[in-house]
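Student: Could you take me through a single chain of this one in some detail? I'd like to hear how its parts are put together and what they touch.

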Amino acid sequence: MTKLSPKYKKPGNKVAYLMITPYLTYFLVFMAFPLVFSFVLIFHKWDIVSSMHWVGLGNLSRMFHDQLFFQSLINTGIFLLLNIPLQIFIALLLAMLLNEKIFARSFFRAVYFMPVVISGVVITILWQQLYSEQNGVLNLILFHLGLPKIPWLRSPALAMPSIALMATWKNVGLYIILFLAGLQTVPRYLYEVADLDGASSFDKFFYVTLPAINPTLILVVILSTLGGFSLFIEPFVMTGGGPMGHTMSTVLYIYKEAFLFGRMGYAASLAFVYTLIIFAVVAVQRKIIEQE
Amino acid sequence: MTSLLKKIAAAVRSFVPGGLIPVLMISGVLLNGCGSEHQETGKNGIVHLTYWPSANEYEINLAVLEVAQWNAAHPKIQIKMQPIPSSQSSEEVLLAAIAGKTTPDICSNIWPGKMGQFTRAKAVVQLDTFADFDSLFAARIPENLIKDSRYLDGHFYQIPWKTNPVMIQYNVGMFKSAGVDTFPRTYSQYLKAGRKLTRDLNGDGQIDQWMGIVDVRAKWWVRFFDFYPFYIAASGGQTLLKGRKVLFDTQASVDVFRFFQTGFNEGIFPRARFQTDPFLMKIVASRFTGPWEIAHTEKYKPKGLTYDFAQIPLPDGKKGHSYTYGDPKNIVIFSTTKHAYEAWQFVKFLVTPKADLNLLKLSGQLPVRKGLMEDSLYRPYFRKNPMMVKFAKMIPFTRGVDSVPEMEEIFDAISLEFEASAILGKRTPEDAVKRAAKRCRQILIE
């Protein structure tokens, strides 16, 4: 066993402390303190400007009677069910295409990645214009085709799918890159062996490619799940949670409770429960994919 | 004492790494720099106060003038004007400022619906403790607005400053060409006129001209320009609450919800938003708005556009004067001030008859002042600006909002039901009003 040099064992190494101080300060101020403080808030009523009042488990019991919170969970669930499969399907398809030697491959790789680096708010505003009922490009195309205009963001049934479509467009570039990296690690000889065994393209995809990129798939599923759970900017800018609360994501609901209505304690309780739900979903997801 | 300090310093050193101490010291200095906005008394005995007016162009011009006049006349009390920092809403900025204790000494852009929360947090100075408050209030504030300014504890924390009665701006030319000579006074007259004015002008099968425009978003504050003024008018001047008791689950609310639902179902209000000004583009024939629209319309109107303002229509069979929402903004002194008396002197200056004339002239908004129309000081202004007379005449018939801390949440609950029923037609007006009232009762109990 290698012995540590005495200078590293010396307690109170000032230079080392100095080096970690910036991050430590950041961690304490912006992560540890808010985490502890929000846990304390769960048991209090506080509107930011008045003094805190102890309410025990009052916030948690209120949550069980809050229909809007449960609706927001359902909305987020619908978003995830639409967004994750759509994202994975499109990203994998495009990654497989871009993995082949096609014309202007580098250009396409750059183009698909571009929305990932553009500000979410900018993209949301652009899509809001596209979806505009009166003057939006999509409805103008439909109109010129002789089809009726669609209230993309005003219809309770269509609003969340419209947002999911936009979110897919924005994020798919990142998952293409991840899948591309995964695909490039699949050994060529596996395909050659499959060819010798007379495997079809379908067989090669399901019995060679998919198992080989399983770790990437787990990563993409978890990342897109976490991204979906944090759905906020899109409904905040495009619909404000409407129509009839059908795009009110849980994060947007927590934000409204905290910063619009000043119910910081209640919002902290919702955030706490929501975090537990996210942990549970991701754990189950991981277990299932690993078994598959 | 010295030995105690030494012991504390030693304890701190044993817990805090040496390198952290300078960082903490710098942080302390920086955080101290982010402290309160209100100013200390200078070495030469001059009191410095900070004043936040609204950040719109017209009110900044007004504030610059007022502050320059004050500073010239009061060398010992100097005011620093700083428009409210920009954000989604000034209420958010003020809330953040209260939380961070960075409020100014004086602010003149206070929405009374927020006063409940500010007062409960003891963030504002109780104004009726000043000796001359009663006389100023009695001389200035019309009787009907005194109730709206009083907090639940019976005291006053705000000075009603300006009001913008919500009325209907309509395109006279479009109305005349549709054969509607006078503006409708009742819901059925409005809907009937709407059917005439809503048209497919180019025959492509798509409607391209509507009677009116309603903001279809479910944001809580957009209801100030549709449901709320219509509710105040239909209820004969009621607000939503009495104390903390819900008052709005009445036939008046149902009538208002049904009026808008019919308007949307019949297509006289578009279920869409426009990227241009639909009134100036002659896409809509009318809109619900306030006196600030006069300056805007005059500045940008296309050639030949003639317009006028009318009162909010009433439900069929409802008699009496039409009331409306006054969209008031008030003045407060924040309790972070170290010079409440000096701040009060400046507040009084902001509401002098001359300052009110400046408010009219520079911002096109109406001061909350008794006998505004009769006062000889303002007569030349109204002669020169006849459109403003209609708004000034509405001042006695305006209402504000109730003073409970949960006002935004109450408007949000109503807005959700208004969207579901009136805009999307997914619920009956009776059901929607009942649901909104139930939710508001829950909010007020919690």
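Tutor: Let's start with a cut-off: a residue is buried if 20 or more other C-beta atoms lie within 10 Å of its own, exposed if 12 or fewer, and partly exposed in between, with the C-beta atoms placed from the backbone. On that count, 45% of the 446 residues of chain B are buried. Keep in mind that this is a predicted model, where local features need pLDDT of at least 70, side-chain atom pairs count only at pLDDT 80 or more, and totals for chains, interfaces and linings use all residues. Residues are numbered from 1 along each chain as its sequence is written, while chains are lettered from A and ligands numbered from 1 in the order in which they are written.

Chain B has 18 helices and 14 strands (DSSP runs numbered from the N terminus: H or I of at least four residues for helices, E of at least two for strands). Its C-alpha atoms fill a box of roughly 90 × 55 × 45 Å along the principal axes.

Now the domains, whose bounds come from an automatic or database domain assignment. Chain B splits into domain 1 (47-157 + 329-367) and domain 2 (167-326 + 402-445). Their centres, taken over C-alpha atoms, are 31 Å apart. Where they meet, 11 residues of domain 1 of chain B are in contact with 10 residues of domain 2 of chain B; contact here is C-beta atoms, placed from the backbone, within 7 Å. On the domain 1 side, helix α5 (residues 115-120) of chain B gives the most, with 4 residues.

What about the inside? The largest nonpolar core has 119 residues, a core being a set of buried Ala, Val, Leu, Ile, Met, Phe, Trp, Tyr and Cys residues joined through C-beta atoms within 7 Å. Helix α17 (residues 407-423) of chain B gives the most to this core, 10 residues, and the core draws at least three residues from each of domain 1 and domain 2 of chain B. Y231(B) and V256(B) are among the residues with the most contacts inside this core. Leaving out residues up to four places away in sequence, V256(B) touches F227(B), F230(B), Y231(B) and A234(B).

Finally, the neighbour: 28 residues of chain B are in contact with 25 residues of chain A. Helix α17(B) turns up again, with the largest share of chain B's side, 5 residues.

Notes:
Two residues are in contact if their C-beta atoms, placed from the backbone, lie within 7 Å.
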